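I opened this notebook to record what I looked up in one structure.

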Amino acid sequence: MNHLFKKLSVAVMIFTFVFLYAFSANQASAAVGSRSVEKSFVMDYTINLPGAGRLTDVGTLTFKTTLPERVKPGEEFYLTNTSYTMTPKEADGLPYESIVYFKDLSFTVSSENETNSIKKIFDDVKKIIVPAYATTYDLVIGGEGIEVGPFIAGQEGEVIIKADSITFTMGWDNNGEPVFPPLTFVGLPSIDSDLVVATIPID
């Protein structure tokens with residue numbers, strides 16, 4: 001009985017090590033296939049008002065995404081966990097808590113090699129509570145689990161991924177309800193920005 005028990009114990013240990021090795025190998029393999037990138041830009045914006053020009057250096061735009069390490073010629077692929085965050089330039093904080101609403105949210109990402117431009121639209125209304133004396137806040141559009149695409153690789157070279165603009169309507173709080181004026185804001189990297197956030201080899 002002891003002999004049988006020892007054999008079973010050894011078999012269980014071997015199976016456990018094999019399982020753990022295979023699991024680790026799979027995890028490592030999955031991790032090798034993609035990478036995360038992040039890039040920040042000085043933000044300008046425009047408003048859909050007659051005569052309104054481009055306002056410069058009004059905050060920061062931060063683009064984040066996960067993309068393939070490489071793609072095959074002609075391959076269709078997606079960006080994942082994609083977000084664009086707007087952080088207005090710091091200003092004197094109000095001495096009381098305030099609420100800001102955002103709707104009609106979208107951002108655009110483009111690619112070169114096979115030229116493509118994808119606009120991602122979000123239907124939700126975002127409510128941001130700004131604490132008293134806070135000098136700025138973050139508006140995050142997108143985030144974990146958000147896919148953008150499809151993009152298509154060319155036959156050779158590399159795919160260039162570029163951050164583009166965000167759009168939104170901004171409102172305020174009126175007795176617990178959002179009020180939105182008919183104004184569309186477009187936030188975009190400053191004119192002298194390098195819009196390239198990543199390149200993907202075609203292999």
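Predicted model: local features only at pLDDT ≥ 70, side-chain atom pairs only at ≥ 80, totals over all residues.

Entry 1: I then looked up Tyr 101, which counts as buried because its relative accessibility is 5%.

**Entry 2: Ring pairs.** I asked how many aromatic pairs the structure holds. The count is 9. Tyr 84 belongs to strand 3 (residues 76-88) and Phe 107 to strand 4 (residues 98-112), so that the pair links distant parts of the chain, 23 residues apart. I noted that both Tyr 84 and Phe 107 are buried.

I then returned to Tyr 101 and Phe 180, which also form an edge-to-face aromatic pair, with 6.5 Å from centre to centre and 70 degrees between the planes. Because Tyr 101 lies in strand 4 and Phe 180 in the loop between strand 10 (177-179) and strand 11 (185-189), this pair ties together parts 79 residues apart in sequence. I also recorded a cluster in which ring pairs link Tyr 45, Phe 102, Tyr 137, Phe 168 and Phe 185.

**Entry 3: Salt bridges.** I found a count of 7 salt bridges. In one of them, Lys 64 joins Glu 38, with the closest N and O atoms 4.0 Å apart. Lys 64 is in strand 2 (residues 55-68) and Glu 38 in strand 1 (residues 34-47), so the pair ties together parts 26 residues apart in sequence. Glu 38 counts as exposed because its relative accessibility is 54%, whereas Lys 64, at 37%, counts as partly exposed.

Next I looked up Asp 194 and Lys 39, whose closest N and O atoms are 3.8 Å apart in a salt bridge. Asp 194 sits in the loop between strand 11 and strand 12 (196-201) and Lys 39 in strand 1, so parts 155 residues apart in sequence are tied together.

Lys 162 and Glu 112 meet in a further salt bridge, at 2.7 Å from N to O. Lys 162 lies in strand 9 (residues 158-174) and Glu 112 in strand 4, so this pair ties together parts 50 residues apart in sequence.

**Entry 4: The largest pocket.** I recorded a volume of about 170 Å³ for the largest pocket. Which residues lie nearest its centre? They are Asp 92, Val 130, Ala 134, Thr 135 and Thr 136, out of 14 lining residues. I noted that the lining divides into 8 nonpolar, 4 polar and 2 charged residues.

How values were computed
Residues numbered from 1 in each chain as written. Heavy atoms only, no water. 1 Å grid on protein atoms, 1.4 Å probe; cavity = no way out; pocket = protein on both sides within 12 Å on 5 of 7 lines; lining within 4 Å. Points joined across faces, edges and corners; volume = space filled by probe spheres on them. Nonpolar A, V, L, I, M, F, W, Y, C, P; charged D, E, K, R; others polar. Phe/Tyr/Trp six-rings, centres within 6.5 Å; stacked < 30°, edge-to-face > 60°. Helix = DSSP H or I, 4+ residues; strand = E, 2+ residues; numbered from the N terminus. Buried < 20%, exposed > 50% of the residue type's maximum accessible area, 1.4 Å probe, protein only. Salt bridge = Lys/Arg side-chain N within 4 Å of Asp/Glu carboxyl O.
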